[in-house]
Structure formats: structure tokens, C-alpha cells
Amino acid sequence: MYPPSRKDFISLTLSDPHSHTYNNGKHRRQSCWRKWKQLSRLQRSLILFLLALLLIFGLLSYPSIAEQWRGLSDKEDWLELNDREMKDILPGVESVLDGAAGKALPPVAGPHVGPAVDPDVGADVVMKPRGPNIPMLAKPPTKTKIFSNKRGPPSLQKDGNISETVAGEKPAQEVVQEEEGEEEDKDKKIVSWRGAMIEADQATEPPPSANVKEAAAAPANPADTVTVEVSAGAMDRLEAVRNAFRHAWKGYKEYAWGHDELKPISKSFGEWFGLGLTLIDSLDTMWILGLKEEFAEAKDWVEKELSFDKNVDVNLFETTIRVLGGLLSTYHLTGDQLFLEKAKDLGSRMMPAFKTPSKIPFSDVNIGKGTAHPPRWTSDSTLAEVTSIQLEFRELSRLTQDPQYQDVVNEVMKLVHKLPGKQDGLVPMFINTNSGQFTHKGVFTLGARADSYYEYLLKQWIQGGKTEDDLLEDYMQAVEGVKKHLVKHTGPSKLTFVGELSHNRFNPKMDHLVCFLPGTLALGAHNGLPGDHMDLAVQLTETCHQMYTQMETGLSPEIVHFSLQASDGRDVIVKPADRHNLLRPETVESLFYMYRFTKDTKYRDWGWDILQSFNNYTKVPGGGYTSINNVRDPVNPGPRDKMESFFLGETLKYLYLLFSDDMELLSLDKYVFNTEAHALPIWPSPPK
């Protein structure tokens, strides 16, 4: 029997006058140490290892946290400085950063807004105390590398295939899985069309990189905008287009000279083929706008710097419509033999693309090595690629008296003319370069990968003096097929639109690219085709106009869906992935044709509204215009840091021609425009 244990200590509880409990910290520390010693060596090692990891992560994250705080401080300082500078430049105009409210006024959405103020406009702009608020994207406090050469061509960063050195810049004509009637498919492969990365069902681009997001963050912030109030009648419309071009050219000249595309937010450039796409695409625009100094500088670059003797893969279609078409058009406008010689050099270097078993050209050609190939993932080419190079190659043969260029592209049209797989003149989107047969049959669209096939049917017929009956037959059948299968009306407002057909299932989806169709239909009616083509053109032009006016920024998204139910209450539906705007020209192209043929001034007014919206939401103060991510958000449109070459080559050119009273300026009875807005002469009709 054990004796009772002795209690040889007394327990005391002490408290201070403020009722703070005494907890004997020393005893607790000793207790923790005993527990630590009781742990096994493995356990202690693991704990120490985890603590070391936490310490390392903390040290690594500290610079980025500090950088963010410094960035905020820099941004505030820059805003203060920018505010003072704006007061100096525009005396009497109160900045939105001042005032009792201290908040930026929301930008005016939609049409009927005044013109943005450009520093180049000068004293002609009348400042008024009241008027529409026009926000301009603020200059971002970007930390990306700025290329210092502002007048010469910056040296290329890498030799060889430049198109593969810039991530996300090289287009990919990627085969699309055959649709099974499902509207959305997570496994769709990404392809490209006209400079935009798109999917089979939704045209989206990959999300911007972290650097681009950081660079674009500043202009997206409404606190960084500067609102200027001007009179809507202060600027002549033609001069407004010239000012827009000068502003875009300023950014290109300073930050992307001699390169393919300007990145106006990060003040850098993007390379696609390394052929100076923006510069060549803009040559005839500068000539038409009367910008002699800019044209002379660009011509000097073409003469001294432009070389096609380089080991680089180029896309046959894009290079033909932008570079070959641009050189041929500029030759016809100026009569300068330089541009024809360059066109002949390029044309001969692209001929290897046609050396295929089927005579359907490969999508890519190496203009230095003289080799050609399809994309790595497929032996298909898109139909629009192989049938939208004819205007340029045919004209090159006429000018050089060398029939090889016309022969190869005419052979393509002959093959497509007799191919099975069409549906009432509508064609599938892909064709195989080995077999020469359509692939992915049953899917019909007038949007990406098929659009310019229909355009070039009519324009080749016009170019050749209206003598090629097969082209006219295919075009007439296609228009009837469009009316039968693709034209529908919205439920709420009865807007006429062109949808898509997938294995006999209708999809009320319309790309902005389809807005080329009203202008093409009107051109056909002008050349003697049925009057109902013009009726459809009028209706579709109204729909394309609504794609702009129903958006909060007054700019159309890349893709819209239309409501077929009257109960929905709205005609236009835009999915989040389709809300971007790439500065595309198709709607203003059709407005140009419609005004030329009808003289209805509403088309000019609609074009003016679009130009103002471009100035409001895409103009970058340092120079250039940027595509945006969200046309539904006027406060944060989300700059994408890219100015496509077609903004200068097409969009601004068509706006200028729309506003010009000179109907003989590129008369539509004398010239036909390629799908990149480069004017080529209509051939004289052969004697009967």
C-alpha cells in the first residue's frame, strides 16, 4: 500500500492592479524547449526545413511587394505631373483630376460624340466649355524596354525565321475538329485569321502576357483619363482622318519603324514576318491622304532597307494581300518603278507555294529558301487563303507579261469551281493540299476562313472585264445560297443578319468580318447584278451599324450572336470571349460603298461616329491606336497593346474615301479593291 503523496508546494495566482493575468512565461518557455527536445531528430529537421523555406519565400517576395508600392508611388507622381502638363498644353480646360469631386467623368458611349483633340490639330480646334466628354488613354508609367531609335529601323533581334521568335505573333492555320452540332467545344484548336487568333466557334486571342497587362493597366484606369470638351463641328472630317493617321504613324515611326506592328502601350513592336507590314500596308493610304513627307520617308525605307532575301516563313495569303497588294497599288498610284520591281521580286519568291500534288497552294512559304509547306499539324489550307490571292497574282502577270502568276491562281479557281461538297454555292472552310478536296464538310460561314472567297469571285469578274462566266456563276449561286440558308431576322427589331450553318443546324452567330458583305453586294448591283442584292446590302449595313451603336463604347465586338426570340428584348448578344475590337475595317468599308452608290449622308454620319469612338477608346497619347478587350466597358475597355497594320491600310483609308466628295478618287468604275483595300485597275474589256 502506497502512502499518500506529499504536497510540498503552494499554488499562488497573482494579478496586477489592471487585472492582467500573470502566466509565468519563463516556465512556458522551458516547457516548449522540453517538448522540442522530446521530438525525434527527423521531426525537428522537417520543422527547421519548413521554417527555412518560409524565410526564403519571404525574402524572394519582398522585392516584388516593394516594387508594387514603388509603382503606386510613381503612378501618383506621374498623374500629378501629367495633370500639370495637360493644363499647360490646353489652357482653360479643366482636368478631371482637379475640382471638388476629384473624380473622372464617365466617357460618353455610343455615337454622336465630338472629335478627340490631337496635338497636331493646332489652333483650328475650338475649345468650348460644354460638349461631349472625350477621354484619352493616359500615358502608362510602363517599365518595359523602350527602343531608342526613333527615326531609323531598329536592328532585328534575331536572324532566321523571325515569325517564330515572337511568341503569339505567328499565325497558325490550324485544323479544326469537325463540329457535331454543338455550339461550344472546349477542345477546339486555335487558328488565326487576318491577324487575330480565333477558335472554331469564338474569335478570341490568347490572354495578354503579364508584361502587357502591366503596361496596359494604366490607361484602363478611369482616374488616368483626361476629359477634353470640344465642338463637334470644329474639325473637317477629312482632316480628322489625316490627324488620326498622323497620330498612328507617329507611334509606328518612333517605336516600330521598319517592323511589322506597333505595340503602342509598351512603346515597342511586334514581328510577324519581318517585312515591315505596317509600313508597306500604309504606302497607298499616305499617297491618297496627301501625306507627302510621311510617304517620302516610307519610300526611302522600301528602297534602302526592304529585302525579301531572308530565311523566313511567311503566310502566302497575308503576304499577298498586304505586301504584294500594297506594292502593286502604290505602283499604280505613283508610277514609280521601284514598287513594281519589289512586287516582282516578292511574287517570284512565293511561287514555290503552288508546287503541291493538287495545285492547291501550301499556306506557308520560305521566301529565302524557296521552299513551302503546310502548317505542322495539318495538310489543309483554308479556302479563303487559296482563293483570295488571285487579284494580286493576275495583276502581276499583266504588268510583267509573265503568265506564270496568273496561271497558278486561275488553276485554283478552276479546281474549286468543279469540286463536290458545296451547298447551293456555299463552300466549306478547308481544302486539302494533297487531294485537292474539301475537308470538314457541312460547316458554312461567311466569316473567318471563308469570307474573301465570295468577295474575290465578284472582284475577279470585275477586274477581268466581266468576261469570266464561271466566276460570275459561282458568285450568283453563292448569294442565293446565303439568302436561302444563312440570312435570318432578329426577333425584337427584325434586323437582317447572316448566321452560320453547321451540319444543317443554324447558329445565329456573325463575325464582324461578315460586314464586308454589304459593300460587296452593293458593288455587284452597281455592275448590273439583280437589284435585290442592293436591298440586302441596305439591310445588312443597318445591322452592322447596330453592332456599333448598341455597344457602350460605340465600337463593335469581334463576334455577335443575334436573338431570334421577340421576347428577349434585345437583338445583339455578346459573349465575354467575343467583346474585343481589333480596329477592323469591314463596316467602314461597306459604308464607303453604300455612300458611293446611294449618296445617302447617313452612311457618312455613321462612319464619323465610328471614327470618334476609335479616338475615344483606342487612341494612345504617345502615338498609335490599340485594339481593346471589352467594347461593353467604356470605363475600362482594356487596351491590348497592338495596332494591326490594316488599321492604317484599310480602316483609315476607307474612312477618308467615305468623307471625300471626289467621286473620281479611286473611282469604282476604274479600280477594284483587294481584301486589304489596295486598289488595282480594272482591265479594259477585250474587243468583241
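A charge is taken to sit over a ring if NZ of Lys or CZ of Arg is within 6 Å of the ring centre and within 35 degrees of the ring normal. The model shown is predicted, so that local features need pLDDT of at least 70 and side-chain atom pairs count only at pLDDT 80 or more, while totals for chains, interfaces and linings use all residues. Residues are numbered from 1 along each chain as its sequence is written, and side-chain values use heavy atoms, with hydrogens and water left out.

**View A. Lys-488 over the ring of Phe-506.** Lys-488 lies over the face of Phe-506, at 5.3 Å from the ring centre. Phe-506, in β17, stands opposite Leu-501.

View B. Helices (H or I, at least four residues) and strands (E, at least two) are DSSP runs, numbered from the N terminus, and two strands pair if DSSP finds at least two bridges between them. Strand β16 (residues 500–502) is joined to β17 by three bridges.

**View C. The disulfide between Cys-515 and Cys-544.** With a disulfide defined as a pair of cysteine sulfur atoms within 2.5 Å, the count comes to one; the S to S distance is 2.1 Å. The torsion about the S-S bond is about -105 degrees, so the disulfide is left-handed. Because Cys-515 lies in the loop between β18 (509–511) and α14 (517–526) and Cys-544 in helix α15 (residues 531–549), the pair ties together parts that are 29 residues apart in sequence. Both cysteines are buried (under 20% relative accessible area, with a 1.4 Å probe and protein chains only).

**View D. Aromatic pairs, including Phe-592 with Tyr-593.** Rings of Phe, Tyr and Trp (its six-membered ring) pair if their centres lie within 6.5 Å, with planes under 30 degrees apart counted as stacked, over 60 as edge-to-face and the rest as tilted; the whole structure holds 21 such pairs. The rings of Phe-592 and Tyr-593 have centres 5.2 Å apart and planes at 55 degrees, so the pair is tilted. Tyr-625 and Phe-647 also form a tilted pair, 5.0 Å centre to centre with 45 degrees between the planes.

Notes: Buried < 20%, exposed > 50% of the residue type's maximum accessible area, 1.4 Å probe, protein only.
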